[in-house]
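Hi,

Here is the structure I said I would pass on. Have a look at it first, and my notes follow below.

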Amino acid sequence: MNPNTSQEEAKGNPVEIFQNAWNMYRKIVEHDYMFHTSIYGDLGRYLEGLQEAAPLAVVELGCGDASQSMKAFKRCRLASYLGLDLSQPALELAARNLASLPCPVRLELADMLEGLSLVDTPVDVIFSGFALHHLALEDKARFFALTRNALKPGGVLLLTDVMREPGQSREDYLSAYLGYAEQHWQSLVPAEFTLLREHVGNFDYPETAETYERMARESGFASARQLSRHTWHQTWIYRDGD
């Protein structure tokens, strides 16, 4: 669960949706239920090592308020930052959270796929955190094709998302994930668990890491490797070569 608005949810009132989910999301982040501390720490160290002489041009898809990604991006020099999200309130928060970045910052109200058309100059890094699982299967394949085309030669796609185990059905995944949350996310009140179950049950369609790797290779990425894994929360690196 995160403050990014799914494409289906955006057909409702995005302000109301964002406000209803925000308190729950903050609890999840503050209690580190989705391992944000480790995930974004690993991303920051990777980006720090990736950077050579030139600053990095970065696009973040489904940026939300950018509070977590800011922790990773501030560890390296950026040439530019473009953040895309479907929630205007989230983008307003992102503008404040990114104000200290010493590079041009651009924030656009757009979904992931449409927003990639705004990338008129190839970039070094594209990052998506906990957003891809909202898309339909064919749109996930399109996501990899569009990101590959938007990257410079040797550019990197960083993907953090929930992923099913090999052979695990969506139904089994939902049962396991929600069961785990109810056992371990003890700061959430019953109304928040209801919201969590509704969101996950209606909008979460995670794939396996193997499915994403196949899509990436079919789109022209030459390599895929896992950066981190915490239960179903995985981060992968896709690029032309390592």
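Let me start with Lys140, which is buried, as its relative accessible area is 0% (buried means under 20% relative accessible area with a 1.4 Å probe, protein chains only). This is a predicted model, where local features need pLDDT of at least 70, side-chain atom pairs count only at pLDDT 80 or more, and totals for chains, interfaces and linings use all residues. Residues are numbered from 1 along each chain as its sequence is written, and side-chain values use heavy atoms, with hydrogens and water left out.

Lys140 sits in helix 6, residues 137-150 (helices are DSSP runs of H or I, at least four residues, and strands are runs of E, at least two, numbered from the N terminus). Its side chain comes to 2.2 Å from the backbone oxygen of Tyr205, and a polar atom of that side chain is 3.2 Å from the backbone oxygen of Leu135. Leaving out residues up to four places away in sequence, Lys140 touches several others, including His133, Glu207, Tyr212 and Met215 (contact means heavy atoms within 4.5 Å).

Now the strands. Six of the eight residues of strand 2 (78-85) are buried. Strand 2 pairs with strand 1 (residues 56-61) in the parallel sense over six bridges (pairing takes at least two DSSP bridges), and Val59 is opposite Leu82. On strand 3 (residues 105-109), also parallel to strand 2, there are five bridges, with Glu108 as the partner of Leu84.

Cheers

Technical notes. Buried means under 20% relative accessible area, exposed over 50%, partly exposed in between (1.4 Å probe, protein chains only). A polar contact is a pair of N or O atoms within 3.5 Å; within protein, one must be able to donate a hydrogen and the other to accept it, and residues adjacent in sequence count only if both atoms are side-chain atoms.
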